[in-house]
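Here is a short report for a reader who is meeting this structure for the first time. Please look at the sequence and the model, then read on.

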Amino acid sequence: MAKDQTTRICCIGAGYVGTCTSAVLAYKNPSVRITVVDTSEAKIGAWRSRSFPISEPCLQEILKQVVERLAFSTDIEAAINAADLIFICVDTPTVTKGTGEGFALDTSAVVACVAKIVEVSTSDKIIVPCGTADQLRKLITQKNTKGLNFEVLSNPEFLAEGTAIHDLLHPDRVIIGAENTPKGSNAAARLVSLYQAWIPSDRIKTTNTWSSELGKLAANAMLAQRISSINSLTAICESVGADIQDISQIVGLDHRIGPHMLQASIGFGGSCFEKDIRCLVYLAESLGFRHIARYWMADLEMNDFQKASQTERITSLLGPLASSKLTIAVLGFSFKAGTTDVRSTPVLTIVRDLVGRGHKVKIFDPKAKKEDIQETLCKANLGRERAIVSLNAMQACDGAHVIAIATAWDEFRTRPGLRRMDWKSIADGMQQPRLMFDGCNVVDAKYLEGLGMKVLELGRKQAML
Ligand SMILES: NC(=O)c1ccc[n+]([C@@H]2O[C@H](COP(=O)([O-])OP(=O)(O)OC[C@H]3O[C@@H](n4cnc5c(N)ncnc54)[C@H](O)[C@@H]3O)[C@@H](O)[C@H]2O)c1
Ligand SMILES: O=c1ccn([C@@H]2O[C@H](COP(=O)(O)OP(=O)(O)O[C@H]3O[C@H](CO)[C@@H](O)[C@H](O)[C@H]3O)[C@@H](O)[C@H]2O)c(=O)[nH]1
């Protein structure tokens, strides 16, 4: 710690986790000074000019309050050198080529950060990476020729997008993994003291690094598993005439199970669940536990099945009409409601499958940026003539044979008091058979049927058209 008792923190990575975590740490600890750095000048420029690259409730307000103590910069070396504690919050996608392809975590950005830290540091540092701490310790041992002390801690983040600030302010737990050495314990104690500024001690757990890292993977894998479990029941409900929402409630009312993460969906998305399960599968495989790897892999296979089966259900219901070129409006593109993030969105599977069957798709999302949607479509080779991004729901639905609600945005709800869109005009502007596929169970089927639509709901039986 610096002589003036100020803790100087450098956070590498100005994305969701880096910025939100830094904002809350600064907000709750008046004695810290944080510099958030990134290689992306555009991103740092956006944060500085207050045209925020991400949208999270309350983030803007908190950043305003810590403006004196939290800076954004592209001068990574200077920020590293000035810091006692360095958080690495860069992206760690799944490896796309070579060893571990499709499964292992690509830690190259984390490794680059650690190499930079070791290269430019002139004093001891505590490093909190997002990646395997073990691998980084080995790297530091190889590169540390100056005899400095680098302690590597594991501090997995459990925030969910859309509720990031709330999750950081009221976490279920904070996990800090450290080496079981006096220096490791001291470093962990330093980080604990920062969190103790607002989190009760019984919610801060210190453990060894492997428990911390595996605990994070396990939490995500089990959350995803609950979603796959409920999703696996949607097709059964549709066949036998049960109601998936009732099933979620019946299951969730058991206090041993609880109600969370049991909302049936078109499949889970986002940048974490699939990546972390793949990482767990890779870990199990590399330890020789093939049955365990297969067990977790089944979760992803179920998710892929759920994503792919929605288009099949819509088109099978259309009968012979399905072979004509239809116009289909897809409402919602972000990977879940409450975030503008379109990374790994499950909606892409539906769009890709519909376009693949020759239909024209018009997409509207009330919050996601048009450029981000277009970039995602472009990366998936979905040309603009087949998948168009519309400026509003009315434009997307105009002339559509089918509307598919794919993200549970409040904008799409139809119940009185919650209704924001002019559903009568939307229904009037559609072409027969005026089919509404509600992949999020947000509409009132009776209301839309009263407007002349036929409604197909996820996890509910539907008669043929
Ligand atoms: N997004 C979430 O909800 C969430 C939640 C918990 C944990 N995580 C984990 O946290 C980490 C960060 O995730 P995120 O969603 O904030 O990522 P992000 O993509 O939003 O941000 C990562 C940032 O790191 C920057 N970067 C990459 N390499 C760099 C380098 N060498 N030097 C400086 N900057 C560099 C990128 O430019 C980018 O701005 C990942 O490991 C992720 O798995 C994410
Ligand atoms: O009942 C549910 C809940 C979620 N989902 C879907 O699951 C995905 C992930 O949702 P959520 O967990 O809310 O979002 P993330 O921001 O991806 O957060 C997860 O991933 C983060 C990154 O690791 C963790 O920190 C969080 O704890 C963990 O919830 C989304 O596609 C949701 O639509 C469902 O289908 N049904």
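Arg-434 is buried, with 22 other C-beta atoms within 10 Å. A residue is called buried if 20 or more other C-beta atoms lie within 10 Å of its own, exposed if 12 or fewer, and partly exposed in between; C-beta atoms are placed from the backbone. Arg-434 sits in the loop between helix 17 and strand 13. Its phi is near 50°, a positive value in a residue other than glycine.

This is a predicted model, in which local features need pLDDT of at least 70, side-chain atom pairs count only at pLDDT 80 or more, and totals for chains, interfaces and linings use all residues. Residues are numbered from 1 along each chain as its sequence is written, while chains are lettered from A and ligands numbered from 1 in the order in which they are written.

Pro-433 lies in the loop between helix 17 (423-429) and strand 13 (435-438). The peptide bond from Gln-432 to Pro-433 is cis, with omega near 15°. Helices (H or I, at least four residues) and strands (E, at least two) are DSSP runs, numbered from the N terminus.

Cys-58 also has a positive phi, of about 75°, although it is not a glycine. Its place is the loop between helix 2 (41-48) and helix 3 (59-65). Cys-58 counts as partly exposed because it has 17 C-beta neighbours inside 10 Å.

**Domains and sheet**

The domain assignment gives domain 1 (7-207) and domain 2 (308-457). Such bounds come from an automatic or database domain assignment. The C-alpha centres of domain 1 and domain 2 lie 38 Å apart.

Six strands form an open sheet in the order 11-10-9-12-13-14, with parallel pairing. Strand 11 (387-389) and strand 14 (454-457) stand at the edges with a single partner strand each, so one side of each has no neighbour in the sheet. Neighbouring strands of this sheet are turned by 20° against each other on average, direction ignored. Axes here are lines fitted to C-alpha atoms, for helices over the stretch in contact, and angles run from 0 to 180 degrees between N-to-C directions.

Strand 9 (residues 327-331) and strand 10 (residues 360-364) pair in the parallel sense over five bridges. Two strands pair if DSSP finds at least two bridges between them. Thr-327 stands opposite Lys-360 in strand 10.

**Ligands**

Which residues come nearest to each ligand? For ligand 1 they are Gly-13, Gly-15, Val-17, Thr-92 and Ala-109. For ligand 2 the closest are Gln-263, Ser-265, Phe-268, Gly-270 and Cys-272. A residue is near a molecule if its C-beta atom, placed from the backbone, lies within 6 Å of it.

| Shell | Residues | Classes |
|---|---|---|
| Ligand 1 | 24 residues | 12 nonpolar, seven polar, five charged |
| Ligand 2 | 20 residues | 12 nonpolar, five polar, three charged |

Ala, Val, Leu, Ile, Met, Phe, Trp, Tyr, Cys and Pro count as nonpolar, Asp, Glu, Lys and Arg as charged, and the others, Gly among them, as polar.

Helix 1 (16-28) and helix 5 (108-120) each supply at least two residues of the shell around ligand 1. Around ligand 2, helix 9 (residues 209-232) gives the most, with three residues. Domain 1 and domain 2 both give residues to the shell around ligand 2, so this ligand lies between them.

Cys-272 is in the loop between helix 11 (244-252) and helix 12 (273-286). It counts as buried, with 20 C-beta neighbours inside 10 Å. The UniProt annotation "active site", from an unreviewed entry, covers Cys-272.

Conventions:
UniProt positions renumbered as here; feature names shortened; annotations may be inferred.
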